[in-house]
Amino acid sequence: MKNITIIGCGVIGAMLAYELSKCRITDGLEVTVMEAKSDPAMVATGASLGVLMAVCSAKARGTLVRLRLASLSKYDRLISELTEQTNQDILYNRNGLLNLYRSPNAETTARSLIEIRRKQGFELQWLEHQKIIERFSQWQAEGGLFSPCDRAVHPPQLVKALVSAATENGVKFLWNRPVKNLEDISSDRLVITSGLGSNPLVATFLKNQTQDLLQPVGGQAVRVKVPNLNLKAIVHAENEDGSDINIVPLGDDQYWLGATLEFEYAPLPRQANVTLLLEQAIAWCPTFARAEVLETWAGDRPRPDGFQSPILGFVPNHPHMLIATGHYRNGVMMAPVTAQITKDLLLTGDSDLPWRPFALKS
Ligand SMILES: Cc1cc2nc3c(=O)[nH]c(=O)nc-3n(C[C@H](O)[C@H](O)[C@H](O)COP(=O)(O)OP(=O)(O)OC[C@H]3O[C@@H](n4cnc5c(N)ncnc54)[C@H](O)[C@@H]3O)c2cc1C
């Protein structure tokens with residue numbers, strides 16, 4: 001195998017290109033990325049808040065949890081490596097994540113998660129209401145789980161650095177190159193990392209699939225300025241209606257708030273539901289009543305329809321074609337481990353990481 005073509009340059013395609021670029025010389029690979037847009041990260045990745053929440057996630061065990069924890073564990077080193085190579089700024093929050101709870105019953109479940117994560121090698125701390133007030137001031141919560149290891153990264157800045165580093169290492173990026181038909185590409189291996197754009201590309205290869213492989217699930221977010229809030233950690237909280245909100249500090253008194261979860265499809269661009277997001281934030285922290293809205297946007301998450309998220313591995317009956325998509329709400333979170341698995345599959349045909357549960361079945 002000599003040539004590898006990656007289709008799509010969101011966070012998944014860019015991370016894979018970078019990973020492959022590190023072994024390009026020794027393995028004699030020619031890696032090309034074909035992207036439909038004029039720049040990277042202009043679709044789901046550009047809308048993302050970049051929260052890397054693996055340790056604090058309510059799901060305690062299972063293959064997906066194992067992959068998420070493995071992915072998170074790669075991030076600190078990845079960011080140092082990229083910053084050193086490219087000299088570019090990548091906003092990366094190492095101040096931990098505070099997961100807030102309103103229900104007094106939350107403590108029992110939280111304590112059992114703390115014990116499970118401890119055995120998995122990750123720290124979590126339970127904070128009583130009073131401790132939250134002392135450490136984080138104005139938050140209206142019964143209690144919270146503080147996770148020192150969870151992170152947030154600025155997705156477009158991350159992808160820009162990945163593309164710069166991969167380019168320097170010899171990967172070729174072709175912009176404004178929408179792929180219409182996979183059979184038009186002559187390459188030893190193809191990897192489909194085109195998010196929602198994967199639907200038409202794979203349709204002809206999945207004969208038993210009657211509906212689209214991926215469904216768009218909308219999300220809206222806002223950037224606000226809140227003087228004197230002084231929040232350093234990322235905050236995640238479940239709202240009373242079962243939805244959740246992330247609050248991501250950006251520096252200079254600015255924060256991202258989001259994102260909504262919308263299953264009813266409406267074409268982009270859409271109006272962001274600023275009022276809803278602000279009300280949710282105010283319910284947890286009244287200081288958000290002073291928020292000045294600086295920017296609003298909406299995006300679509302690629303969610304597998306009838307398959308487990310994400311979709312990894314070989315396209316059935318086409319061993320030279322691989323797919324890495326459908327990361328739904330966790331594409332930035334899962335990008336490093338997805339790139340590792342896909343690289344292993346490209347170079348050796350298998351991976352020590354668990355990928356088979358996420359493979360398409362013929
Ligand atoms: C509002 C919102 C908030 C989110 N917050 C988070 C978060 O906090 N943490 C997290 O981990 N995830 C989050 N996500 C999810 C995350 O954004 C996605 O899972 C992730 O970006 C998917 O990356 P991707 O590379 O697969 O897809 P994309 O970013 O969509 O990239 C696919 C690329 O393929 C290109 N393409 C498509 N078709 C073709 C074609 N035929 N030929 C060539 N190129 C093509 C597209 O132009 C695009 O650049 C959020 C998503 C949204 C919408």
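1. The shell around the ligand divides into 21 nonpolar, 18 polar and 5 charged residues. In this classification Ala, Val, Leu, Ile, Met, Phe, Trp, Tyr, Cys and Pro count as nonpolar, Asp, Glu, Lys and Arg as charged, and the others, Gly among them, as polar. The shell comprises 44 residues, the closest being G8, G10, G195, G197 and G331; a residue is near the ligand if its C-beta atom, placed from the backbone, lies within 6 Å of it. Two or more residues each come from α1 (11-27), α2 (44-47), β11 (214-225), β15 (292-304) and α9. The largest share, 4 residues, is that of β15. At least three residues of the shell are drawn from each of domain 1 and domain 3.

2. The model is predicted: local features need pLDDT of at least 70, side-chain atom pairs count only at pLDDT 80 or more, and totals for chains, interfaces and linings use all residues. Residues are numbered from 1 along each chain as its sequence is written.

3. The protein chain has 9 helices and 17 strands. These are DSSP runs, numbered from the N terminus: helices are H or I with at least four residues, strands E with at least two. For 362 residues, a compact globule would have a radius of gyration near 21 Å, and the 20 Å of the protein chain agrees with this. That radius is taken over C-alpha atoms, and the globule rule is 2.2 Å times the number of residues to the power 0.38. Along the principal axes, the C-alpha atoms fill a box of roughly 60 × 45 × 45 Å.

4. Of the 362 residues, 45% count as buried. Buried requires 20 or more other C-beta atoms within 10 Å of the residue's own, exposed 12 or fewer, and partly exposed lies in between, with C-beta atoms placed from the backbone. Among contacts between residues at least 6 apart in sequence, 77% join residues at least 24 apart; a contact has the two C-beta atoms, placed from the backbone, within 7 Å.

5. The chain is divided into domain 1 (3-86 + 154-213 + 305-358), domain 2 (97-148) and domain 3 (215-301), with bounds from an automatic or database domain assignment. The centres of domain 1 and domain 2, taken over C-alpha atoms, are separated by 33 Å. Their contact takes 6 residues from domain 1 and 10 residues from domain 2. On the side of domain 1 that touches domain 2 there are 5 nonpolar, no polar and 1 charged residues.

6. An open sheet of 3 strands runs in the order β3-β8-β4, with antiparallel pairing. β3 (51-52) and β4 (92-93) are at the edges with a single partner strand each, so one side of each lacks a neighbour in the sheet. Pairing requires at least two bridges found by DSSP between the strands. β4 meets β8 (residues 151-153) over 2 bridges, and N93 has A152 of β8 as its bridge partner.

7. β17 (residues 318-325) pairs in the parallel sense with β10 (residues 189-192) over 3 bridges, V191 standing opposite L322. With β16 (residues 311-315), β17 runs antiparallel, joined by 5 bridges; here I311 has T325 as its bridge partner. β16 and β17 form a hairpin with 2 residues between them, and N317 in the turn has a positive phi of about 65°.

8. L360 lies in the segment after α9 (331-348). With 19 other C-beta atoms within 10 Å, L360 is partly exposed. Apart from neighbours within four places in sequence, L360 is in contact with L206, I311, G313, V315, P316 and I323. V293 is 67 residues from L360 along the chain, and their C-alpha atoms are separated by 42 Å.

9. One joins G258 and A259, with omega about -5°; A259 is in the loop between β14 (254-258) and α8 (274-284). Another joins S309 and P310, also with omega about -5°, and P310 is in the loop between β15 and β16.

10. Positive phi also occurs at A41, near 55°, in the loop between β2 (30-34) and α2. A41 counts as buried because it has 25 C-beta neighbours inside 10 Å. N230, not a glycine, has a positive phi of about 55° and is found in the loop between β11 and β12 (234-238). N230 counts as exposed, with 12 C-beta neighbours inside 10 Å.
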